Amino acid sequence: MTVEIALVLCILGGSLLLFVTEWVRMDLTALMVLSSLAVLGLISPAEAVSGFSNAAVITVLAMFILSEGLTRSGIADIISRNVARVAGRSEVRMIAVFMLVSGVLSAFMNNIGVATLMLPVAVEVARAAGIAPSRVLMPLAYGTLLGGMTTLIGTPPNLLVSMTMVDAGMAGFGFFDFAWIGLPVLLVGTAFVALIGRHLLPETDTTTTQAGQRDLRQQYSLQERIFALRVPPDSVFVGKTLADTALPTSANLVIIAVTRHGHTEALPDRKKVLQAGDVLLAQGRLDRFEMLRRWNSLAIEREAPILLDKLWEKSAMAEVVIDEDATLIGENLRHRQFREQHAANVLAIRRGSTVRRTRLSNMPLAAGDRLLLQCAEDNLEQLGTSKEFSAVSKLTPTDLDETYQLDERLFVLRVPKDSALAGTTLAENRLGDAFDFRLLGIFHEGALKEWPGSDEVVEASDLLLIQGREEDLDVLRGLQQLEILDDAAPYLDVFNLGQLELVEATLHPRVRLQGRTVADLKLRERYEVEVAALWRDGESRRSALGSMPLAAGDALLIVGPKRRLAQLNDDEDLIILNPVHAKPVDSSKAPLAGALMLAMVAVAMAGWLPISVAALVAATLMVLTRCLTMDQAYGAIEWRTIFVIAGMIPLGIAMQQSGAATFLAGGVTGLLGPFGPWAVIAGLYAVTTVGTLMIPAAALVLIMAPLALSLAVELGVSPAAPLMAVAIAVCASLSSPVSHPANILVMGPGGYKFVDYLKLGLPLQIVVFAVAAVLLPIVWPL
């Protein structure tokens with residue numbers, strides 16, 4: 001093994017580790033690979049950036065635009081809507097139709113685009129037939145993956161294996177060369193799923209799919225978390241707005257409706273002023289609401305100055321400046337998360353000459369903001385090393401009084417001996433999370449406990465030093481005064497009379513989820529609708545949704561008036577499964593878009609232009625003829641995929657030039673060679689299949705293709721068969737939801753768990769392997 005081979009293998013191993021662990025974004029990992037190869041001199045500078053001008057990259061980019069053009073022009077919508085006419089009410093027929101149609105579309109369109117387009121149609125058709133969507137959606141996703149095997153442009157891996165042959169000085173695969181195996185795989189796979197595999201899909205109570213709005217409430221168990229509250233005449237909430245009551249924020253309740261004198265207002269504005277006798281229909285956790293009401297038993301003490309002095313003796317007060325590259329920028333302050341991450345309480349925020357001491361969690365943080373922190377003396381050094389802060393300075397009592405004037409925002413609460421809060425932890429009673437209170441310390445039997453953690457237990461007679469607004473204690477009294485009605489059923493007519501409706505939505509695969517919560521979608525601010533529940537891992541989540549981090553595959557249940565829900569249809573980040581008043585797609589450009597796609601295929605097949613040039617010309621004409629706009633074209637491109645391919649192409653070059661691919665091929669041949677070349681190819685297929693569970697498809701094929709080419713040289717056979725085996729294995733990413741975005745897309749709407757993909761995906765992968773094993777020696781003999 002030479003030094004060059006060792007270095008290339010180290011870079012390969014490092015990239016695999018990063019792809020599997022996701023410590024670094026996959027596109028950034030690809031750029032790190034490119035940079036490492038160039039810096040170490042394993043490839044020339046021109047070769048390092050050659051991926052960005054590679055024909056396969058240009059073709060993939062153009063195909064994203066062409067696929068979007070077919071969708072925007074309405075041709076794909078026409079096809080998908082006609083599916084409803086032929087799908088019928090039979091589960092077998094429905095599965096077969098959706099798999100075949102999505103497979104045919106995926107032969108010429110982006111797989112994710114096809115899945116996105118067909119998803120709402122499949123849900124609508126299945127529910128109309130009384131069939132659970134879970135019986136149809138996974139087959140739909142699998143149909144897009146199997147259909148991508150049938151043409152050169154069906155999926156990026158096909159283009160990349162063909163590029164590998166061209167770069168090696170051989171003729172690449174033709175446009176329909178993949179169909180000799182891909183089409184039989186699609187047909188046999190469809191038959192298997194429709195006749196046998198469907199029995200492995202999760203069973204769902206189909207009665208929940210037949211009666212629309214009521215059954216959506218049942219499916220998400222929404223009614224279990226709906227209760228009614230009455231505002232009594234002597235309530236401090238009389239004359240206050242909904243926002244003033246803190247019910248939506250501190251109590252994490254969605255106020256679905258307000259009923260006054262027999263008239264019901266659905267999803268009222270938070271500026272609505274309450275009157276005596278109003279009935280609030282709320283959705284949320286009643287037990288948490290009851291816990292907040294218990295706070296009313298806390299009594300204000302007047303010992304704050306003395307206790308404050310004791311606390312300051314053991315605390316350091318520091319001012320930190322938020323760095324320009326901090327991850328906190330643009331985020332609202334989350335007190336508990338900040339306290340647990342930095343071991344400090346945020347007492348105030350200073351921006352310019354303005355000092356904010358309350359409602360800190362409502363203020364998005366910005367670079368240059370100064371945070372006043374209370375922490376332990378020995379924690380100052382740790383704060384100084386944090387990348388979140390550009391400066392840390394300790395404050396004197398004089399600085400504190402002149403700049404922040406905290407005393408007016410500090411008070412002490414005593415826990416009575418008979419309080420229901422006694423014996424609960426801070427995490428259970430949510431003290432410090434609600435009303436923007438900060439618990440600075442607890443005095444228990446004369447001893448001071450600074451910076452109490454979430455697991456700290458509050459005991460009777462404890463003194464709690466709080467920073468916040470004393471006015472919020474009036475809100476606590478108002479919560480205690482609200483009457484919980486025994487029966488909320490009379491007020492649920494807001495749904496039955498159509499004043500409020502529910503829609504299901506899932507997030508588009510292109511949406512960046514890292515660090516985002518449900519509240520970050522800002523649906524209330526943008527559309528005046530609320531997220532009432534979230535479906536994840538086969539279960540419904542219905543409380544504390546605002547702070548819940550989003551995850552791939554989530555399905556959202558959104559509630560609002562029909563006219564507001566209709567606006568969600570235009571949201572680029574959401575895929576609405578049961579759209580309200582969906583606008584008809586303008587299909588006047590459909591014939592033109594279809595003609596441009598067919599012309600591109602004909603030109604490429606005839607050899608008049610390379611596929612990359614033909615696709616780029618067709619994409620340009622799509623924009624010039626206004627099948628889509630240039631902004632829509634930019635938005636359609638999956639830039640992450642482009643950068644992964646462009647960044648990993650140099651690794652393939654380095655593996656070939658350094659001899660690393662030949663070195664690995666020799667090891668594989670030594671292990672499996674005695675069993676014949678087809679055993680070696682089978683081993684290559686198996687390794688690639690396992691790789692799809694952990695590594696992005698584009699990166700995986702760029703790693704395996706050079707190995708396949710070197711194996712062919714070692715065995716003295718045509719490279720077509722091993723490269724085709726790699727392409728088929730990569731395309732058949734069926735046994736995990738994370739192996740392909742199309743699988744993730746249907747996870748929430750179908751209510752699937754990870755194991756559901758294994759139950760159907762593994763047998764289907766075996767079927768795909770069996771078909772390929774039979775046809776490969778016939779179509780691509782060695």
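**View A. R350 has V355 as its bridge partner in strand β8.** The model shown is predicted, so local features are given only at pLDDT of at least 70 and side-chain atom pairs only at pLDDT 80 or more, while totals for chains, interfaces and linings use all residues. Residues are numbered from 1 along each chain as its sequence is written, and side-chain values use heavy atoms, with hydrogens and water left out. Strands β7 (residues 344-351) and β8 (residues 354-356) pair in the antiparallel sense over three bridges. Strands here are DSSP runs of E with at least two residues, and helices are runs of H or I with at least four, numbered from the N terminus; two strands pair if DSSP finds at least two bridges between them. Two residues stand between the strands of this hairpin, and G352 takes a positive phi near 65°.

**View B. Strand β7 also pairs with strand β9.** The partner β9 covers residues 370-375, and six antiparallel bridges join β9 to β7. One of the bridge pairs is V346 with L373 of β9. Of the eight residues in β7, six are buried, where buried means under 20% relative accessible area, exposed means over 50%, and partly exposed is in between (1.4 Å probe, protein chains only). C375 has a relative accessibility of 0% and therefore counts as buried. C627 is buried too, at 5%. Counting as a disulfide a pair of cysteine sulfur atoms within 2.5 Å, the total comes to zero disulfides.

**View C. A343 and S461 have positive phi without being glycines.** A343 lies in the loop between α15 (335-342) and β7, and its phi is near 55°. A relative accessible area of 39% makes A343 partly exposed. S461 sits in the loop between β15 (457-458) and β16 (463-467), with a phi of about 75°. S461 is likewise partly exposed, with a relative accessible area of 32%.

**View D. Five strands form an open antiparallel sheet.** The order across the sheet is β3-β2-β4-β1-β17. Strands β3 (263-266) and β17 (483-484) stand at the edges with a single partner strand each, so one side of each has no neighbour in the sheet. Strands of a sheet pair through backbone hydrogen bonds, either parallel or antiparallel. Within this sheet, β1 (residues 226-230) and β4 (residues 279-283) run antiparallel and are joined by five bridges. R230 has V279 of β4 as its bridge partner.

**View E. Helix α2 has its buried residues on one face.** The helix spans residues 26-39, 14 residues in total, and reaches 20 Å from its first C-alpha to its last. This is close to the 20 Å expected at 1.5 Å a residue, the expected span being 1.5 Å times one less than the number of residues. The buried residues of α2 are D27, T29, A30, V33, L34 and L37. Seen down the helix axis, they fall within an arc of 160° and so line one face; the arc is that of the directions from the axis to the C-beta atoms. An α-helix has 3.6 residues a turn, so residues three or four places apart point the same way. The cover over the buried residues of α2 includes α1 (3-21), α3 (45-48) and α26. After α2 comes G41, with a positive phi near 75°.

**View F. A654 is a buried residue of helix α26.** The helix covers residues 639-658. A654 counts as buried because its relative accessibility is 1%. Neighbours within four places in sequence aside, A654 is in contact with V8, L37, I43 and G659, contact meaning heavy atoms within 4.5 Å. V768 is 114 residues from A654 along the chain, and their C-alpha atoms are separated by 32 Å.

**View G. M648 is among the residues with the most contacts inside the largest nonpolar core.** A nonpolar core is a set of buried Ala, Val, Leu, Ile, Met, Phe, Trp, Tyr and Cys residues joined through side-chain atoms within 4.5 Å. The largest such core has 146 residues, and F98, M600 and L651 stand with M648 in having the most contacts inside it. Helix α29 (residues 697-715) gives the largest share of this core, 12 residues. With neighbours within four places in sequence left aside, M648 is in contact with S15, F19, A30, V33, A699, L702 and I703. Another core, of 34 residues, lies apart from this one and includes L274, F289, L421 and L476.
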